Amino acid sequence: TYVQLRIENLSKSYGTKEVLKDINFTFESGKIYGLIGRNGVGKTTFFNCLNNDISVDSGKFYLVDSDIKLELRTNDIGYVVSTPIVPEFLTAREFLQFFIDINKDKIDDVKSIEEYFKMVQIEEVDWDKLLKDYSHGMKNKMQILINIIAKPKVILLDEPLTSLDIVVQEEMKKLFRTLKKEHIIIFSTHILELAMDLCDEIVILNNKELELIEKNNLNTRKYKDKIIRCLKEQKND
């Protein structure tokens, strides 16, 4: 189903420092949005506002499906952070089984544990390993797998590929591209090449507001220069 995420009048300050200012923006399912901004400009703050991890000064978030407009709930969001947080005392299999058991009322079309592992290319030899023995990349895969199982309408990816090796990066990009059909995916990064390779749309967090950079020919030098020019103009208070 075609779904929109609408952000209306979002503002957030920390004391006297204004980070987000009266943001109005619409994201659509079927696309991966690259959220670009310089370090410290407020990308993670934006995600934390959407995920209700921090309070907003003003703003409402809605999911719009056909003619139905509902307030965004925490259950509608999957949030993959750059440093994966997993229960390290469990094996990967135990963790997946636990997650499925506690969410069984919300999960449609539950597959076998084995199918889920194969989906993100985790080898059979690793299925019964403790998560504390997983590499950073494999822990990241487990985070993403939880979101595949839960099928939230919106998936927030906060720098999820930055510290992964090239092979795992390519695996993850392929996976994100298959997920975008049924989800609204917002991919935060400060690496422009990564965003241009993976994303359908580029959105800049620029001067406390979101700005869609019109995509004429995504990989042209001119387009890249335009993005860099916008980033240079950012006033990072």
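**Reading helix 4 and its surroundings**

Trainee: How far does helix 4 reach from its first C-alpha to its last?

Mentor: Helix 4, residues 136-150, has 15 residues and reaches 22 Å, close to the 21 Å expected at 1.5 Å a residue. The expected span is 1.5 Å times one less than the number of residues. Helices (DSSP runs of H or I, at least four residues) and strands (runs of E, at least two) are numbered from the N terminus. This is a predicted model, in which local features need pLDDT of at least 70 and side-chain atom pairs count only at pLDDT 80 or more, while totals for chains, interfaces and linings use all residues. Residues are numbered from 1 along each chain as its sequence is written, and side-chain values use heavy atoms, leaving out hydrogens and water.

Trainee: How many residues of helix 4 are buried?

Mentor: Buried means under 20% relative accessible area, exposed over 50%, and partly exposed in between (1.4 Å probe, protein chains only). Twelve of the 15 residues are buried, so helix 4 is largely enclosed by the rest of the structure. Among them are Gly137, Met142 and Ile146. The elements that cover its buried residues include strand 6 (77-80), helix 2 (92-102) and helix 5 (166-179), where contact means heavy atoms within 4.5 Å.

Trainee: Which residues have the most contacts inside the largest nonpolar core?

Mentor: In soluble globular proteins, nonpolar side chains tend to be buried together. A nonpolar core is a set of buried Ala, Val, Leu, Ile, Met, Phe, Trp, Tyr and Cys residues joined through side-chain atoms within 4.5 Å. Here the largest core has 46 residues, and Leu96, Phe117, Met142, Phe176 and Phe187 have the most contacts inside it. Helix 4 gives the largest share of this core, six residues. Phe176 touches residues including Ile144, Leu157 and Phe187, leaving aside those up to four places away in sequence.
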